[in-house]
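Q: I am new to this structure and would like a close look at a single part of it. Please take the aromatic rings and go through them carefully.

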Amino acid sequence: MSEQTSGGGFFVTLATFLIAITLSQFPLNSSLQWFRPDFLLLVLFFWLIWAPNRVGLLYAFFLGLLLDLMRGSVLGLGAFSLTLVAFITQLLHNRLRVFPILQQSFVLLLLVGLNQLIYYWMQGLVGNSADTLLFLVPALTSALLWPFVFLALRRLARYLDLN
Amino acid sequence: MIFKSGPSRWLFILLIIVALSIAALDLNSYKFREGKAYFNLVATPLQWLVDLPVKMAGGVSDVVVSRATLIAENDLLRTEAILLEQKVLQNATLSSENRRLRTLLNARQKVEEEVQMAELIGVSSDPFQHEILINRGEQDGVAIGQPALDSGGIMGLVVDLAPVTSRVMLVTDSRSSVPVHVLRTGFRTLVLGSGSTNELKLDHIPNTEDIRIGDLLVSSGLGGVFPMGYPVAEITEFRQEPGRSFAVVRAKPTAALNKSRYLLLVHKEDRLKRFESE
């Protein structure tokens, strides 16, 4: 931990997460809702790759709790699935870091798909039955959005010299 | 080397266990759900933030609206007010007549329901969960299980609380069911949420039942959650399938579930007392 991790880094990271949560809850037309990318996971994925010694499992856990409170799902489910996805990202970290962007997109596709699967499987516990596979669409839109998110956040992180 | 010893497995296992036990508590313990109201306070500022652009757009369109539109709207509202006033006049005579007839029949007097106004501040982002967020919470006397109405009829009931906000599950949610009767025939049944917006379904309706398209379904008050006599849905489809023992019945909610910004919460304490005194 010899790199200088200024207090500013924490607040900028937190701000990006809050923006992502806000976007993920923003009211949309009900048919467009199926296509909404998983903004929170996109931003979390970036920080897990970019600043692995600052952003880790604890971030994923508490962001998941906050997301559960925001969307009113069973408390702890979002925390469970985000922690799991973050852990997989950490396991793959050394490879992900050198992957080209499109290959990162593909990994993200699988991770968002996993996250959605866990979430809707758990929704079955409270009696919300899903008889369509449309809930996997966000995996695709998130993967398509990833290059833009990555480039934008990388520019931000470089500009502010964050680690 | 970024990680000294790879990602922390112990932290991972610990967090997973904590998350799952919180989820188990939330699913099983009513006490925990009540305490959760205070955690929900953390999310409230963010929820206001999400609603802000919509509110601002409404504010801007209020400011830049043209004089002609205002005059037209004013006219419309005035005629509507006259029509409604006339109906209220009729209503007063009808209700007094009703009360007289009820005393003649020796029946219990009907109590007027007390209502509270609330404003919508958010919509659930999950397409499977038909829930809305309103700006009244525990501190305003809202309780879990309280029914919510709009000008068209029953919208849903409160399922989750925070100190200044609460969450209302709409009747179209797949977990929802409302006891109703058909206004024309008095046939009692349940209206179930189908999980798709603007559609409700009725299960286990015999093929021979007298239900027609356009029939109004009114809440029956059975079960003690929803107040009696409010419109819930209108039948849009009644199909008899020869191979099946029950008919396929679909209905459309009468409340403007995805349009209403203002709703009424019916006070539950009074209703409970009423049920106890019965």
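A: What follows is a walk through the aromatic rings of chain A, with the places where they lie.

The model is a predicted one, and a search of the whole structure finds 11 aromatic pairs over all chains. One of them joins Phe10(A) to Phe11(A) in an edge-to-face arrangement, with 5.3 Å from centre to centre and 70° between the planes. Phe10(A) counts as partly exposed because its relative accessibility is 38%, while Phe11(A), at 57% relative accessibility, counts as exposed.

Another pair is made by Phe17(A) and Tyr59(A), whose rings are tilted, with their centres 5.8 Å apart and 45° between the planes. Phe17(A) belongs to helix 1 (residues 7-25) of chain A and Tyr59(A) to helix 3 (residues 57-71) of chain A, so this pair ties together parts that are 42 residues apart in sequence. Phe17(A) counts as buried because its relative accessibility is 0%, and Tyr59(A) is likewise buried, since its relative accessible area of 16% falls under the 20% cut-off.

Beyond these pairs, Phe45(A), Phe46(A), Trp47(A), Trp50(A), Trp146(A) and Phe150(A) come together as one aromatic cluster.

Technical notes
Residues numbered from 1 in each chain as written. Chains lettered and ligands numbered in written order. Predicted model: local features only at pLDDT ≥ 70, side-chain atom pairs only at ≥ 80, totals over all residues. Heavy atoms only, no water. Phe/Tyr/Trp six-rings, centres within 6.5 Å; stacked < 30°, edge-to-face > 60°. Buried < 20%, exposed > 50% of the residue type's maximum accessible area, 1.4 Å probe, protein only. Helix = DSSP H or I, 4+ residues; strand = E, 2+ residues; numbered from the N terminus.
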